[in-house]
Amino acid sequence: MIASAFDGAFDLRYWALITILALTILITTQISGGILLDRGPLSIAVGLVWAFAAWTLLSSIWADSAAQAWEGADRTILYAAVITAPLALPGRRQALWVGQGIFAGVGLVAVITLISLLANGADLFVAGRLDDPLGYRNATATLFAFVFWPLIGLSAERGRNTPLRALTFSVATLCLGLAFLTQSRGVLIGLVCGAAAFLAIGPDRMRRILLGLAAAAGVAIFSGPMLDPYHAFQNGEVVTNSVVDDASRALLLLTLAALLFGLFVALLDNGLRGSAVGEVASRAAPYVLGAAAVVGVIVALVAIGNPASYASDKWNEFTDLDSTSSTSTRLGTVGGQRYDLWRVAVKEFDSAPVGGVGEGNYDFGYYQDRRTDRNLSDPHSLPFRLLSETGIVGLLLFTGVIVALGVGIARSARRS
């Protein structure tokens, strides 16, 4: 939450201090009693993430710029420390406090962002897309999307305090709406992957699905005015406060409507617990959801037409660096410079498949081989960045971290 006031603490002068703080906490913990981790997947994850950090540091030996490799490695050490610290907490209750504190902090940032939008919203937009509070649209989208499913999980928990369930659903919907304002396409993949993991390991699956769909439906209903800033920029107009005001008011109405809807659902759900009506509703919900899924697939097929032709058109759009799209939302397009960025990343991986070109050294090859005028320093894709900068060794280490964390979280969820 504090970092959001400093553009996400992206600058070295900010995150270097956080790195020192995180390492100090770990060292103090080790000296006072030792970092205690249960043997198992979470311990493996901690070991692999530090091995990955060491590998990025080692890549400075063969990197064109050792300084950039060192800086990137220092940032990776920060991530390793941030992953290790909560896993070293003495009990589940403390871990829950940390998690709930993160969710509450991001929720507070979302409310502050909504207030800022209502006050002077145009200053928060760049190219018709929400840029603040982190000063980078994709990062802003990630921040708000990160807490969406956990908040949905809290709002779906039957028996929990009714106003709290309503509030968490409202904030979850607000965060989804703010992520939508960024028009970040990558966040869609994150939300889908998050849904798969969250529904696989947690209870209350049906209520989570229904509440998640309800939040998405709310954003869709209010999407018209919320897209006004993006449409204004696409039409060559200046994104003024008056344009953003319509989107901000729509987002406010969406948040209030979600609060009322969440309150109604929580009252109804808590009241039906154990009743005959509740049992019937529980049994009918999967069939209703299945029917809705079938209808959705049919509507999607009608909209796209021939799937093969649609896929071919999208591939052509993706590979054409000069393609332009007139769709109402950026989320339905695949054009841009990603193809060129990833092409260079693959070329760099081919030149150094084992160790890559060095942490933070993607830009050397990019500026030599690029086919656009975009001034960028990374391939805008974590897998391609890992391959190009750290090679197959770095990719395997990082993948191992994700797999070990996933297995550990799944086991903890089952025990809970």
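**Group meeting: selected local features of a predicted model**

Good morning. Let us begin with Arg-129, a residue of strand E2, which spans residues 129-130. Please keep in mind that this is a predicted model.

Is Arg-129 buried or exposed? Its relative accessible area is 8%, and a residue counts as buried under 20%, so Arg-129 is buried. Setting aside residues up to four places away in sequence, Arg-129 touches Leu-124, Arg-137, Asn-138, Leu-181, Thr-182, Gln-183, Ser-184, Tyr-230 and Arg-330. Thr-29, by contrast, lies 100 residues from Arg-129 in sequence and 43 Å from it in space, taken from C-alpha to C-alpha.

In the loop between strand E1 (125-126) and E2 we find Ala-127. Its phi is near 55 degrees, a positive value in a residue other than glycine. Ala-127 has a relative accessibility of 25% and therefore counts as partly exposed. Asp-132 and Pro-133 are joined by a cis peptide bond, with omega at about 15 degrees.

The next residue is Ser-155, in helix H6, residues 148-156. Ser-155 counts as buried, because its relative accessibility is 4%. Which backbone atom does its side chain reach? The side chain of Ser-155 comes to 2.8 Å from the backbone oxygen of Ile-152. If neighbours within four places in sequence are left aside, Ser-155 is in contact with Arg-165, Thr-168, Phe-169 and Leu-211.

Let us move on to a pair of helices. Two packed helices are described by the angle between their axes and by the distance between those axes. For helix H15 (residues 338-351) and helix H17 (residues 382-415), the angle is about 15 degrees and the axes are 8 Å apart. Angles under 35 degrees count as roughly parallel, so H15 and H17 are roughly parallel to each other. The crossing of H15 past H17 is left-handed. On the H15 side, the contact is made by Trp-342, Ala-345, Val-346, Glu-348 and Phe-349; on the H17 side, by Phe-384, Leu-387, Ser-388, Gly-391 and Ile-392. Of these contact residues, seven are nonpolar, two polar and one charged.

Finally, consider His-380, in the loop between helix H16 (362-369) and H17. What is the phi of His-380? The value is near 55 degrees, which is positive in a residue other than glycine. With a relative accessible area of 21%, His-380 is partly exposed.

Thank you for your attention.

How values were computed:
Residues numbered from 1 in each chain as written. Predicted model: local features only at pLDDT ≥ 70, side-chain atom pairs only at ≥ 80, totals over all residues. Heavy atoms only, no water. Axes fitted to C-alpha atoms, helices over the stretch in contact; angles between N-to-C directions. Helix = DSSP H or I, 4+ residues; strand = E, 2+ residues; numbered from the N terminus. Parallel < 35°, antiparallel > 145°, perpendicular 65-115°, else oblique. Left-handed = near helix turned anticlockwise from the far one by under 90°. Contact = heavy atoms within 4.5 Å. Nonpolar A, V, L, I, M, F, W, Y, C, P; charged D, E, K, R; others polar. Buried < 20%, exposed > 50% of the residue type's maximum accessible area, 1.4 Å probe, protein only. Polar contact = N/O pair within 3.5 Å; in protein donor to acceptor, adjacent residues only side chain to side chain.
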